[in-house]
Every structure is written in structure tokens, then in C-alpha cells.
Amino acid sequence: MLFNSFEFLIFLPIVFLLYWFVLKHRRWQNLLIVIASYVFYGWWDWRFLLLIAFTSLCSFASGLLLERSSGKRPIQKAISAANIVINLLILGVFKYYNFFVSNLDSLLSSLFNYHLDSVSINVILPVGISFYTFQALSYSIDVYRGNIKATRDIVEFFAYISFFPQLVAGPIERATNLLPQFQSQHRFDYAQAVDGCRQMLWGFMKKLVVADNCATIVNAQWDNYQNLPGLTLFLLGVLFTFQIYCDFSGYSDIAIGCARLFGFNLMRNFNFPYFSRSIPEFWRRWHISLMTWFRDYIYFPLGGSRCSKRKLIRNIIIVWSISGLWHGAEWTFIIWGLYHAILLIIYNLSRINSKHKDIVASGRVMPNITEVLQMSFTFILAVIGWIIFRCESLAQVSGFFSAMVSNRFYGNSAFIGVKPLLFSFLLIMVEWFQRDKQHALQFPNTKLFSSRSTRWGIYYLICLLILGFSGSSQTFIYFQF
């Protein structure tokens with residue numbers, strides 16, 4: 001089920017009313033969350049439910065076995081390793097099997113004229129499998145590390161894995177944050193629910209008005225890159241840069257806001273990344289739940305940055321190769337990951353990584369010249385990366401950048417996409433003035449915004465923008481991951 005669908009507009013109020021006004025006990029509320037989440041997820045394909053149920057059952061059982069084996073470290077290591085292997089094997093078969101088989105077939109064909117066509121299989125990629133697999137893995141790893149006690153309540157655990165607001169595209173929650181929230185009784189908080197609705201409204205605006213309008217132009221023009229001027233190709237890259245941000249962060253805003261309607265607090269997933277002054281800062285602000293997952297479960301165990309330069313370079317390359325592969329079974333994603341690995345290595349070795357942990361232009365309305373140059377340079381580096389990410393093959397990556405450099409710079413079609421560029425600019429302006437807030441509609445505590453008429457005027461304006469300027473409906477980009 002899509003957030004931007006008519007079905008969800010019916011589904012959400014029904015679940016909300018049942019949760020708060022019919023099933024008032026925690027255990028019944030958790031059971032409702034599981035049922036609602038499985039309806040929400042099974043709306044795409046009921047067969048997906050078997051997979052998420054099996055993943056949940058394996059991780060739940062591993063937690064109980066780890067607790068029963070307390071003090072027996074070799075046994076705990078075997079249990080934890082077995083659960084990790086099972087989860088990654090499921091992910092590998094459904095997401096990467098054909099990728100590896102096709103590449104092995106190409107290799108064997110070129111070397112020995114031998115084909116592996118007979119072992120190819122047709123599999124449907126389950127929506128959001130990478131997200132809930134990583135969430136399940138984090139639970140068993142945290143139980144193994146002693147960061148959290150294993151739960152004995154299978155309903156609350158299934159609710160933790162399948163919680164519908166963030167099930168298919170995150171944030172990737174940790175058991176240490178989300179699971180305890182299913183273990184305590186909730187009380188309806190009007191202020192929290194209202195703020196959740198505001199964040200959902202802003203998320204819908206980002207998705208429907210900005211992302212979908214950008215997508216219309218990008219999808220129509222991208223494959224015609226050989227015939228477009230260099231400026232147009234760069235603007236297409238900029239449009240996709242805003243598309244993927246507003247699409248994914250819009251989903252996160254809707255998910256976080258929706259969870260708040262039920263009294264749950266999900267972790268922040270985006271912190272205005274396009275105001276970053278360096279690539280390391282960008283990745284501290286973009287898809288925070290995934291970046292911190294890689295940091296805590298892969299990067300730190302490898303030694304992090306507290307090691308020799310050679311090992312630091314190794315660690316960054318490993319993490320970002322995995323990050324690229326996590327996004328999809330294509331060489332373009334791996335090259336995208338390695339591109340950012342190279343940038344991060346340069347920043348780390350030049351010791352720029354330790355800077356820019358504060359809010360840009362903190363306490364000031366406008367940035368200074370240095371900050372403008374830093375943000376502009378970082379944004380261009382991000383655009384280059386997103387062009388690689390958007391391309392469908394390595395040949396298209398090479399062709400797109402070659403055309404950007406060699407084609408005429410300017411032509412009759414140089415300014416396509418004026419409307420989505422304008423919406424993107426307006427969004428950035430709003431987020432700039434709200435960059436110290438959790439989301440753009442978290443109003444400052446001033447006399448102007450304390451006025452009910454001002455707040456409702458803003459709500460009506462956003463609703464009118466959504467109704468009048470929504471682009472053609474597009475599936476959320478990160479559903480494919």
C-alpha cells in the first residue's frame with residue numbers, strides 16, 4: 001500500500017480509531033499493529049508476508065537462544081552467525097542472485113564460451129526487504145552484544161519488525177529505541193499527534209509537488225542524453241538530486257509523522273543534507289538510520305578511523321562498497337558507492353572530516369561567502385554522485401558525462417523543467433529558515449506563528465499546492481531497495 005494512495009487515506013483513520021478508542025490495552029494495540037502492518041505490506045503481494053514472517057521468526061528465536069546461552073560465548077557466536085547467515089542468504093537470493101549469476105555467466109562465456117542460462121531464476125524483489133532485514137539483524141546483534149534483553153513476547157517483536165509507517169523504506173530502527181516503545185502503555189498526546197500531522201503534510205508536499213514534478217521531466221528526458229545540451233544534462237542531474245531527496249525524505253517525514261499519531265518516536269532520517277559544507281557532513285545528514293547502521297555494525301568493528309591510514313582506507317572502501325550493493329544489484333550502485341568512498345578518503349586524510357558538526361550559519365540569517373562556496377561545492381559533488389546513481393548501466397554513466405562535456409553547452413531545450421526547479425528552490429528556502437528544527441513545519445515559538453490563523457493559512461496553502469500542482473503519481477524510489 002502506498003502512502004500517496006486512496007487506500008491509505010481509508011486505512012490510516014480506521015487503524016487510528018481502533019488503536020486509540022477500541023483497543024486500549026497495550027497487548028491488543030500491538031496485535032492491531034501487526035495485523036495492520038501485514039495488511040499494509042501484503043497489499044502489494046501476499047507472498048511477501050511469508051518472507052517477512054520467516055525473517056521475524058528467525059530473529060525472534062535467535063534472541064531467545066542467545067539469552068538462554070548466556071555465559072557460553074562460543075554457542076552465542078554460533079547462534080548469532082547462523083541468524084546473520086539466514087537473513088543475508090534470504091536477502092541475497094531475492095535481491096542479488098540474478099546479478100551474480102548474470103555476471104558469472106558473462107565471465108564464463110567470455111573465457112570458456114560456457115553459459116549458465118539454466119540456473120537463472122525469475123524472482124520478484126520483495127518491497128523493502130533490505131530495510132526490514134537490517135532491522136532484524138540489528139536486534140540479534142544487539143542481543144548478542146548485551147545492548148538489549150531478548151523479548152519473550154512474539155507479538156511485540158513482530159510489531160517491531162513490521163511497524164507499517166517505516167516498514168518498506170525506513171527509517172531503519174534499532175531495537176534499543178523502538179522495541180521498548182512496544183513494551184510500554186501509550187497515552188494519546190494531542191500535541192504530538194498534531195506535530196505528526198504537520199510533518200506528514202510537509203512530507204506529502206515534498207513527494208507530490210517537488211519529487212513527482214521533477215520525476216516527470218527526468219524520466220522523460222534522461223535516456224535522450226545524447227541529443228541534449230550540456231547545461232540541460234546538468235539541470236537534469238540537479239532535478240534528480242531534488243527528486244531523490246524529496247522522494248525519500250518525504251517518505252521519512254510521512255513515516256515519522258504517522259508513527260507519532262500512534263505515540264511512537266522514530267529516529268530522524270534526514271537533517272537538511274543539502275546545506276552540508278563537506279561530503280562527510282552530507283553523509284551525517286543523509287539517510288541517517290542506514291549510515292549509523294553501517295557505522296555501528298561494520299565500520300567500528302573493522303576499526304573505524306582509529307587505525308592506520310591503510311586500514312582507514314580499507315574500512316571506508318568496504319563500507320561504501322556494501323552501501324552501494326545495498327542500494328541495488330547493479331554495477332552503477334557499486335561505482336556510486338566507490339565514488340563516495342574516494343571522496344570520504346580524501347576528506348578524512350585531509351582532516352576535514354572533524355569539522356562542520358554545527359548548524360550552518362548558526363545564529364545568522366544568511367551564510368557567509370565561505371559557507372556558500374562550501375555548500376555549493378558539496379552540492380555539485382552530490383549531483384555528480386546522483387547522476388551515477390540514476391544511470392541504468394555503466395555505458396550510460398560514461399555516455400551521460402561525455403555528452404555533458406562534449407555536447408554544445410546551450411540550446412533550445414536548455415531550460416526544461418522550470419516548474420520543478422522553482423518548486424525545488426521554494427522548498428530549499430523554507431528548509432533554510434527551518435534548518436534548526438526537526439522538520440520544516442515545526443513552527444518557531446514567535447508571536448506570528450502562535451496565531452492560529454497564520455498556521456492554518458500555511459496548511460491551506462500547502463494543501464492547495466498539493467491539489468493544484470502535484471506531478472503524475474510515482475512510486476517511492478527507495479521501495480526498490
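Ser 276 is placed in the loop between helix H9 (230-261) and helix H10 (279-285). Helices here are DSSP runs of H or I with at least four residues, strands are runs of E with at least two, and both are numbered from the N terminus. The model is a predicted one: local features need pLDDT of at least 70, side-chain atom pairs count only at pLDDT 80 or more, and totals for chains, interfaces and linings use all residues. Residues are numbered from 1 along each chain as its sequence is written, and side-chain values use heavy atoms, with hydrogens and water left out.

Is Ser 276 buried or exposed? With a relative accessible area of 1%, Ser 276 is buried; the term means under 20% relative accessible area, while exposed means over 50% and partly exposed lies in between (1.4 Å probe, protein chains only).

Leaving aside residues up to four places away in sequence, Ser 276 touches Glu 281, Phe 282, Arg 285, Gln 374, Met 375 and Thr 378. Contact means heavy atoms within 4.5 Å. Two of these neighbours, Glu 281 and Arg 285, also belong to a network of salt bridges that links them with Arg 277 and Asp 358. A salt bridge is a side-chain nitrogen of Lys or Arg within 4 Å of a carboxyl oxygen of Asp or Glu. Side chains of opposite charge can pair when their charged atoms come close.

The structure holds 17 salt bridges. One of them joins the side chains of Asp 195 and Arg 260, at 2.4 Å from N to O. This pair links distant parts of the chain, with Asp 195 in helix H8 (residues 190-221) and Arg 260 in helix H9, 65 residues apart. Both Asp 195 and Arg 260 are buried. Another salt bridge brings together the side chains of Lys 206 and Glu 431, at 3.5 Å from N to O. Because Lys 206 lies in helix H8 and Glu 431 in helix H16 (residues 418-433), this pair ties together parts that are 225 residues apart in sequence. Lys 206 is buried at 3% relative accessibility, and Glu 431 is buried with a relative accessible area of 2%.

Ala 382 lies in helix H14 (residues 369-390) and is buried, with a relative accessible area of 2%. The C-alpha atoms of Ala 382 and Val 238 are separated by 9.3 Å, although these residues are 144 residues apart along the chain.

How many disulfides does the structure hold? The number is 0, where a disulfide is a pair of cysteine sulfur atoms within 2.5 Å. For Cys 246, the nearest cysteine sulfur is that of Cys 214, 6.7 Å away. Cys 246 is buried at 0% relative accessibility.

Finally, the chain as a whole. It has 18 helices and 0 strands. Its radius of gyration is 23 Å, close to the 23 Å that the globule rule gives for 481 residues, so the chain is as compact as a globular protein of that length. That radius is taken over C-alpha atoms, and the globule rule is 2.2 Å times the number of residues to the power 0.38. The C-alpha trace spans about 75 × 65 × 45 Å along its principal axes. Buried residues make up 56% of the 481 residues. Of the contacts with a separation of 6 or more, 77% are between residues 24 or more positions apart.
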